[in-house]
Amino acid sequence: MRQLTDSQSQAVHHKDGPLLVLAGPGSGKTRVITHRIAFLIESGVRPYNICAITFTNKAAEEMRQRAYSFGSSAGAQISTFHSLCVRILRQYSTQAGIKPGFTVYDDSDQSKCVKEAIKKCELDTSSFAPSKMLNAISTLKNKLVDPETFKAEAYDFFSNKLSKVYSHYQQLLSERNGLDFDDLLMKVAFLIRDCTEVRDELNNRYKYLLIDEYQDTNHAQYTIAKYLASSHNNICAAGDPDQSIYRWRGADIKNILAFETDYPNAMVVKLEENFRSGESILRKADNLIAYNKNRKVKVLVPTKTEPGFVDVSGYSDEAQEAQMIAEQIRNLALKGVSLKDVAIFYRVNAMSRVIEEAFVRNNINYQIVRGVEFYRRKEIRDLLAYLKVLVNPDDEVSLLRIINTPSRGIGKVTLDKVKYFASVNGISMFDALGKAGQISTISKGTQAKLAVVHNMLVQFQKDASGKAAPIAERVFKESGLEKMLQAEGIEGENSLENVSELINAASKFDQQPAATVSEHGELVETNLLDFLQQISLFSDADAYDTSTECVALMTLHAAKGLEFDNVFIIGLEEGILPHERANISGDEDELEEERRLFFVGITRAKSALYISFAKYRTIRGQTLRSIPSQFLYELDRDFEKKQKPESYSDSQLEEYSDFEDQQEESEEFKTGQLVRHGSFGLGRVKKFVDMGANSIVQVQFNTGKTKSLMLKYANLTKVDN
DNA sequence: CATAGCCGCCTTTTT
DNA sequence: GGCGGCTATG
């Protein structure tokens with residue numbers, strides 16, 4: 001085990017009071033937190049009084065294991081903000097005004113609820129798109145604006161409508177005893193703000209608070225942290241403003257920048273040495289991030305003696321890019337590189353497909369780090385919906401999903417009648433099912449069908465307070481789900497396998513020593529509800545399996561916190577990275593976040609970094625000529641001159657030559673200039689990035705679309721106003 | 001009431 | 001290019 005450096009050691013051994021660890025990439029930040037947990041325990045703090053918050057469940061699990069290896073840290077609360085909130089809400093459900101068996105609603109459940117809410121407000125879903133509404137609601141919740149507060153300040157037309165949707169949406173969730181991701185944070189923030197009894201208890205329990213990736217906390221999380229530490233101020237925040245990549249989700253970089261103002265007596269430790277990457281890699285990262293204006297300047301100090309290796313290659317299209325990468329990886333493997341040490345990063349999930357195809361062709365093992373995908377499968381969602389109803393009979397979304405799955409001859413008309421009966425009598429739909437015999441509008445035969453389902457669920461419920469796996473298995477067999485899949489023949493085989501994988505996961509969860517430990521040190525047994533609530537908080541990064549010999553494919557966002565010897569970052573093109581959606585408001589902040597995202601990707605690489613772009617890329621079935629990302633010039637202004645013609649296939653050589661031709665003088669385009677484009681028509685210049693012959697103009701066209709165009713190909717003509 | 005087939009929608013990143 | 005939802009048909 002490497003020795004701690006002076007500054008690392010300073011952070012680790014800080015005893016009481018606020019501490020800010022400003023850490024660059026690869027500076028051993030997470031290690032400092034783990035050592036600090038060990039130090040606190042050594043100096044007499046009970047593990048039970050420590051709370052460490054990480055960004056993903058995976059990170060929490062790793063930190064838990066490392067902390068264990070230092071000695072008995074059992075009982076320390078190490079989890080994500082969301083998991084912590086679930087715990088708090090269950091423990092203090094009465095004070096929070098919710099029932100402890102609540103369901104955590106994922107985005108598809110949310111979307112069902114918001115659609116209903118929009119309907120109730122008599123708005124049409126075309127001008128009030130559910131996704132827009134959900135986004136807006138999420139932003140409000142992250143800012144801790146509840147429906148009542150928002151209603152009071154909603155003056156304009158849109159806010160007014162949004163406020164109504166928001167109220168109805170919250171109403172629906174609360175009737176169903178469901179909480180969405182943002183509710184978990186908001187409810188806890190309000191609970192500890194308003195309820196002094198709970199705040200005191202939590203302050204008493206969590207005497208030391210450690211928060212990793214503090215740059216990505218949103219206002220709700222910030223508030224929770226503030227109240228959790230309010231009596232003792234033993235808060236240790238660690239993060240890197242240059243790695244803030246979740247602004248779009250409400251993360252506020254100001255939280256870390258203002259830490260010293262929030263906690264005036266804070267000790268600040270800077271970790272600027274980088275133990276991860278070779279010098280040439282770090283220099284590129286430095287060059288790039290220096291273009292961000294909105295930052296505190298810091299330089300990465302390399303400590304590795306090996307220089308590292310950086311390659312920037314242009315390919316003709318995404319298929320060639322993928323094939324060349326596959327070949328390079330095969331070469332690396334021949335040289336003895338383990339596939340575990342190779343990763344591919346991309347901006348959007350859809351870009352993984354071409355790489356996958358190339359890897360299959362070339363016989364390269366890979367895994368896509370996309371954890372939530374498994375839980376989105378129909379058969380998995382069906383079984384989970386049954387289990388959710390057992391634990392939370394108010395969960396109408398899940399109940400409606402399963403009531404006729406497998407089909408039992410219960411249709412929409414019948415369900416409408418049941419729903420009407422439920423609302424007239426002020427009971428839940430589940431209870432209305434139990435009284436199906438009293439619903440006179442429904443035929444005797446259908447009444448009987450409803451009663452059968454209700455009876456079945458009631459029978460299942462008797463086992464629902466125990467372990468997860470046995471009840472999951474029982475429900476799968478007795479509900480008819482298994483028969484339904486078996487009847488599908490070969491098509492259903494895959495589904496059957498998935499279900500048994502889920503049941504395996506459940507039984508693994510059941511056997512796990514409980515992560516929760518009571519004050520007196522005894523393990524708290526987990527049950528079905530714990531399982532359901534845990535998997536609903538699963539994230540992509542959580543699915544990353546470090547034990548198998550294969551290349552990891554993931555988005556740049558999922559790459560946060562990881563490191564690899566060899567890193568490939570693909571699709572360095574305008575519109576992809578930076579992503580076109582990040583430019584819609586013409587907001588410089590969004591471009592800076594894209595730059596930070598690339599920065600995060602670069603700084604994952606330990607010894608070799610391969611960056612690539614393609615001249616043509618097919619997106620959503622459309623092949624478009626693409627422009628190398630402006631970020632490539634920022635890494636290295638001469639990057640294009642250094643391009644090897646060999647990296648293009650023969651047929652592309654000719655095209656390459658016009659690429660190389662950068663003698664002509666570029667014409668200046670000012671923001672606001674009216675221009676005409678051959679196919680897009682009239683538009684106005686929003687931005688001009690001067691790169692000599694490779695200058696990029698961003699034009700907002702009258703069609704409403706904004707495009708980034710490479711000046712020398714775009715054939716733009718200026719139009720007088 | 002079930003099923004198949006079609007249309008139209010979106011599609012950045014995710015706890 | 002993929003999925004969800006709607007409609008028409010049996």
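Helix α4 passes α10 in a left-handed crossing, meaning that the near helix is turned anticlockwise from the far one by less than a right angle. This is a predicted model, where local features need pLDDT of at least 70 and side-chain atom pairs count only at pLDDT 80 or more, while totals for chains, interfaces and linings use all residues. Residues are numbered from 1 along each chain as its sequence is written, and side-chain values use heavy atoms, with hydrogens and water left out.

The axes of α4 (residues 81-91) and α10 (residues 181-194) sit 9 Å apart, at an angle of about 60°. Axes here are lines fitted to C-alpha atoms, for helices over the stretch in contact, and angles run from 0 to 180 degrees between N-to-C directions. Helices are DSSP runs of H or I with at least four residues, strands runs of E with at least two, numbered from the N terminus. Contact means heavy atoms within 4.5 Å.

On the α4 side, Phe81, His82, Cys85, Val86, Ile88 and Leu89 meet Phe181, Leu184, Leu185, Lys187, Val188 and Leu191 of α10.

α4 also lies across β2 (50-54), β3 and β6 (208-211), and runs at about 115° to β3. The open sheet has 6 strands in the order β3-β2-β6-β7-β1-β8, with parallel pairing; two strands pair if DSSP finds at least two bridges between them. At its edges, β3 (77-80) and β8 (267-271) each pair on one side only.

Terms used:
Chains are lettered from A and ligands numbered from 1 in the order in which they are written.
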